[in-house]
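The report below describes one structure in terms of its fold, its surface and its charged side chains. Please read it alongside the sequence and the coordinates.

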Amino acid sequence: MSFWSLPLSYTLRNVIFRFVHKKLPCRSLLSYIYKLPPSATWCTICNCHTVESATHLLFTCPPKHFVWNEIIFEFLWPTVDITDILKSCLHLDFQSRLVYCKFSDVLSPAIVSLISLAEIWKAHFQCVFNSTAFNPNHVLHSIRRQITIYIAEQALTDE
């Protein structure tokens with residue numbers, strides 16, 4: 001199934017579009033646009049003086065890395081790692097890299113990855129705009145809830 005034929009919400013399409021086209025509003029991009037000092041590019045979630053690039057924002061920031069590892073273990077393990085998901089997103093190629101899902105009868109690895117990506121994105125910006133802490137357990141709960149909703153919606157359309 002190609003990326004464009006996946007039944008995705010506008011939020012999921014928006015996040016992946018921005019990521020692929022390097023238009024995700026991360027601190028490094030905003031700092032470049034607004035000519036801010038180098039310290040303005042640092043990730044505020046992990047506080048490790050790492051530049052917040054789009055990849056860091058969605059994948060490599062330690063709390064988000066934890067979320068990905070949990071999702072991989074719960075849904076995609078043992079055949080997938082974070083690098084596979086990252087490359088799949090960048091190239092919109094979910095068939096050749098993501099080949100296994102524990103619940104393949106109702107869920108594809110691409111859908112698990114994209115729902116996770118969107119929920120991480122939403123949680124990140126809730127932290128930014130609401131000045132709250134990024135809580136990986138809340139994000140995991142949100143991802144599981146969205147996956148459950150997706151499965152229920154697909155069951156309705158299949159009837």
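A salt bridge is counted here when a side-chain nitrogen of Lys or Arg lies within 4 Å of a carboxyl oxygen of Asp or Glu. By this rule the side chains of glutamate 119 and lysine 122 form a salt bridge, with an N to O distance of 2.8 Å. The structure is a predicted model, in which local features need pLDDT of at least 70 and side-chain atom pairs count only at pLDDT 80 or more, whereas totals for chains, interfaces and linings use all residues. Residues are numbered from 1 along each chain as its sequence is written, and side-chain values use heavy atoms, with hydrogens and water left out.

**Fold and dimensions**

The protein contains seven helices and zero strands, where helices (H or I, at least four residues) and strands (E, at least two) are DSSP runs numbered from the N terminus. Along the sequence this gives the pattern α-α-α-α-α-α-α. The C-alpha trace spans about 55 × 30 × 30 Å along its principal axes. The radius of gyration, which is taken over C-alpha atoms and compared with a globule rule of 2.2 Å times the number of residues to the power 0.38, is 16 Å, and this agrees with the value near 15 Å that a compact globule of 159 residues would have.

Contact means heavy atoms within 4.5 Å, and of the contacts with a separation of 6 or more, 57% are between residues 24 or more positions apart.

**Surface and charge**

The accessible surface, computed by the Shrake-Rupley method with a 1.4 Å probe, comes to about 8,800 Å², and 59% of it belongs to carbon and sulfur atoms. Residues are called buried under 20% relative accessible area, exposed over 50% and partly exposed in between (1.4 Å probe, protein chains only); buried residues make up 41% of the 159 residues.

With Lys and Arg counted as positive and Asp and Glu as negative, while His and the chain ends are not counted, and with each charge placed at NZ of Lys, CZ of Arg, CG of Asp or CD of Glu, the mean positions of the 13 positive and 11 negative charges are 13 Å apart.

**Salt bridges**

Side chains of opposite charge can pair when their charged atoms come close. The count of salt bridges in the protein comes to three, and they are listed here.

| Positive residue | Negative residue | N to O distance |
| arginine 144 | glutamate 74 | 2.8 Å |
| arginine 97 | aspartate 93 | 3.5 Å |
| lysine 122 | glutamate 119 | 2.8 Å |

Arginine 144 is partly exposed at 32% relative accessible area, and glutamate 74 is partly exposed at 27%.

In the second pair, arginine 97 is partly exposed at 28%, and aspartate 93 is partly exposed at 25%.

Glutamate 119 and lysine 122 are separated by about one helical turn, because they are three residues apart in helix α6 (residues 109-130). Glutamate 119 is buried, with a relative accessible area of 8%, whereas lysine 122 is partly exposed at 31%.

**Phenylalanine 125**

Helix α6 also holds phenylalanine 125, which counts as buried at 14% relative accessibility. Leaving aside residues up to four places away in sequence, phenylalanine 125 touches Pro25 and Leu57. The C-alpha atoms of phenylalanine 125 and cysteine 26 are separated by 9.8 Å, although the two residues are 99 residues apart along the chain.
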